[in-house]
Every structure is written in C-alpha cells, then in structure tokens.
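Please have a look at the model below, and keep it open while you read. The notes that follow walk through it piece by piece.

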Amino acid sequence: MKYVMAALLAVGGLSLAAGGRGHGAEGRPVIIADSVKTDPETGLAVDANLPLIKAHCTACHSSKLILQNKFTREGWLGKIRWMQKNHKLWDLGPSEPTVLDYLVKYYGPVKQPFDGRRRPLEKVEWYKLTRK
Ligand code: HEC
C-alpha cells in the first residue's frame with residue numbers, strides 16, 4: 001500500500017509539473033522574451049535584410065528613431081512619405097516593400113495577450129467638475 005501511494009504521488013507530482021509548464025500563476029501564459037539578436041552598431045534586429053535597412057535608414061539619423069517607434073505598415077509608410085516630402089529621403093524603389101516588411105516585423109505594434117492588469121474602463125460616464 002505504501003508503495004502504491006508513493007507511486008500515485010509521484011505520478012500526480014509529474015502531471016502537476018507538466019501542467020504547470022509554460023504557465024505562470026493562475027494559468028496565465030508566460031510571455032517568454034524573444035531571442036531576436038541585435039546589431040551591436042545600430043541596435044537594429046539582425047535579419048537578412050538588415051544591410052538594406054542600414055543603407056536606407058541610418059544615413060541621415062540615428063537608428064534610435066526607428067528603435068523607439070512601433071508603427072503599423074501604413075504608419076511606417078506614412079513616415080517614409082513624410083521624410084520623402086520634407087527631408088529629402090529618396091525613392092526606395094523596389095526595396096520599399098522589403099523595408100516595410102522588416103520595419104513591421106520588428107518594429108510593428110505588439111499584440112499582447114491580456115497581461116492580468118485591470119482592463120481599461122469601458123463606457124465611462126464622465127461628469128463635469130463644477131467649481132464652487
Ligand atoms: C535623407 C535623410 C533621411 C533618411 C535616409 C531617412 N530619414 Fe528618417 N528622418 C529624417 C529626418 C530629417 C527626420 C526628422 C528628424 C528629427 O525630427 O529630428 C527623420 C525622422 C524619422 C523618424 C521619426 C519620425 C517622427 O515622427 O518622429 C523615423 C521613425 C524615421 N525617420 C525612420 C526612418 C526610416 C525607417 C528610414 C528608412 C526607410 C529613414 N528614416 C531614412 C531623414 C531621413
């Protein structure tokens with residue numbers, strides 16, 4: 001009997017351990033830090049297209065302007081058009097879609113699952129503060 005109990009406990013323990021893998025407290029999925037390598041010179045994500053990005057996007061300003069932003073594809077395209085209109089950025093030609101792919105892949109909006117913080121309030125009925 002002692003041995004049966006021990007065996008059951010061991011099995012139970014194992015399945016608990018297995019069930020717990022990849023989940024934080026309360027079964028929420030754990031967001032594991034991604035393993036994108038960054039270029040030591042610019043801090044940009046290492047990718048087959050990095051040389052293209054460096055050539056087109058670090059000639060005038062620091063890569064930090066890219067690193068500190070997260071835009072959608074339309075957002076990045078808007079920035080490119082804006083620089084073309086106002087800051088003498090050249091026509092990226094056939095490289096443009098590749099540049100956009102790269103920008104959105106690494107510097108696009110991040111979709112995160114609900115992280116356990118309070119959800120934003122919905123349909124709040126604000127009232128005017130009146131001064132007495
Ligand atoms: C010909 C010069 C030039 C090139 C090449 C260039 N930019 Fe810019 N970019 C500018 C200038 C000028 C600014 C404005 C800098 C400032 O406000 O200090 C700017 C600003 C930005 C900003 C900040 C925009 C904002 O709203 O604050 C981002 C993001 C950016 N560039 C990304 C890029 C990307 C991505 C590329 C490659 C496709 C690129 N830049 C290539 C000249 C350039």
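The model is predicted: local features need pLDDT of at least 70, side-chain atom pairs count only at pLDDT 80 or more, and totals for chains, interfaces and linings use all residues. Residues are numbered from 1 along each chain as its sequence is written.

**Overall fold**

The protein has five helices and zero strands, and its elements run α-α-α-α-α from the N terminus on. Helices (H or I, at least four residues) and strands (E, at least two) are DSSP runs, numbered from the N terminus. Of the 132 residues, 7% count as buried; that word applies if 20 or more other C-beta atoms lie within 10 Å of a residue's own, while 12 or fewer make it exposed and anything in between partly exposed, with C-beta atoms placed from the backbone. Among contacts between residues at least 6 apart in sequence, 55% join residues at least 24 apart. Two residues are in contact if their C-beta atoms, placed from the backbone, lie within 7 Å.

**Two helix pairs**

Axes here are lines fitted to C-alpha atoms, for helices over the stretch in contact, and angles run from 0 to 180 degrees between N-to-C directions.

| Pair | Angle | Axis distance |
|---|---|---|
| α2 and α5 | about 105° | 10 Å apart |
| α4 and α5 | roughly 125° | within 9 Å |

Which residues bring α2 and α5 together? On the α2 side they are Leu52, Ile53 and His56, and these meet Thr98, Val99 and Tyr102 in α5. The residues of this contact divide into four nonpolar, two polar and no charged. Here Ala, Val, Leu, Ile, Met, Phe, Trp, Tyr, Cys and Pro count as nonpolar, Asp, Glu, Lys and Arg as charged, and the others, Gly among them, as polar.

In the other pair, Arg73, Trp76 and Leu77 of α4 meet Leu100, Leu103 and Val104 of α5. That contact divides into five nonpolar residues, no polar and one charged.

**Around the ligand**

Of the 16 residues around the ligand, Cys57, Cys60, Leu65, His87 and Leu89 come nearest. The elements that give two or more residues to this shell are α2 (50–57), α3 (64–67), α4 (73–86) and α5 (96–107). A residue is near a molecule if its C-beta atom, placed from the backbone, lies within 6 Å of it. The largest share, three residues, comes from α4. By type, the shell divides into 10 nonpolar, four polar and two charged residues.

**Single residues worth a look**

Is alanine 45 buried or exposed? Alanine 45 counts as buried, because it has 20 C-beta neighbours inside 10 Å. This residue is found in the loop between α1 (2–20) and α2. Leaving out residues up to four places away in sequence, alanine 45 touches Val36, Thr38 and Tyr106. Its C-alpha atom and that of lysine 105, 60 residues apart along the chain, are separated by 9.7 Å.

Lysine 88, in the loop between α4 and α5, has a positive phi near 60° without being a glycine. Lysine 88 counts as exposed because it has 8 C-beta neighbours inside 10 Å. Lysine 123, in the segment after α5, also is not a glycine and has a positive phi of about 45°. Lysine 123 is exposed, with 4 other C-beta atoms within 10 Å.
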